[in-house]
Amino acid sequence: MKIRFTMRVADYVRERAWHVSQKLEDCENGDIILSLTVNHLLEFKRWVLSWGNDAQVLSPDSFIQDIRQTLQQTARGYE
C-alpha cells in the first residue's frame, strides 16, 4: 500500500513508526509517500480516512476504489 501525505503533515508522519514494513519517500514538493506491506486493508481504511485531504491512497487500485466509494457515500449524506 502507498499513501501520499501532504507537506502539512509530512513531519508528523515521518516522526512515527506506523508499521514494521514502512518505507518513506520524500517528494520534491514537501509531501511524503509512505509504503507499507500489510495483509488486511480494513484496519487501515479508517486510519487513512482520518487524515482527510492530507492523505491520498496511491495503491493498490482496489484500496483506492474502496476509499473513493466510501467518500462518495459520505458526501451523498451531505447533499
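Predicted model: local features only at pLDDT ≥ 70, side-chain atom pairs only at ≥ 80, totals over all residues.
View 1. Next up is L24, which has L34 of strand 3 facing it.

View 2. Strands of a sheet pair through backbone hydrogen bonds, either parallel or antiparallel. Here the pairing is antiparallel, and the four strands line up in the order 2-3-1-4. Strand 2 and strand 4 are the edges, each pairing on one side only. On average, neighbouring strands are turned by 25° against each other, ignoring direction. Helix 2 packs on this sheet, where it touches strand 1, strand 3 and strand 4. The direction of helix 2 makes about 15° with that of strand 1.

**View 3. Inside the largest nonpolar core.** In soluble globular proteins, nonpolar side chains tend to be buried together. The largest nonpolar core in this model has 19 residues, and the ones touching the most other members are I3, F5, V13, W47, V48 and W51. Strand 1 (2–5), helix 1 (7–15), strand 3, helix 2 (42–50), strand 4 (55–59) and helix 3 (61–76) each give two or more residues to this core.

**View 4. Zooming in on I3.** Who does I3 touch, leaving out residues up to four places away in sequence? Its contacts are I32, I33, L34, W47, V48, A55, Q56, V57 and L58.

Terms used:
Residues numbered from 1 in each chain as written. Heavy atoms only, no water. Core = buried A, V, L, I, M, F, W, Y, C linked by side-chain atoms within 4.5 Å. Buried < 20%, exposed > 50% of the residue type's maximum accessible area, 1.4 Å probe, protein only. Contact = heavy atoms within 4.5 Å. Pairing = 2+ DSSP bridges. Axes fitted to C-alpha atoms, helices over the stretch in contact; angles between N-to-C directions.
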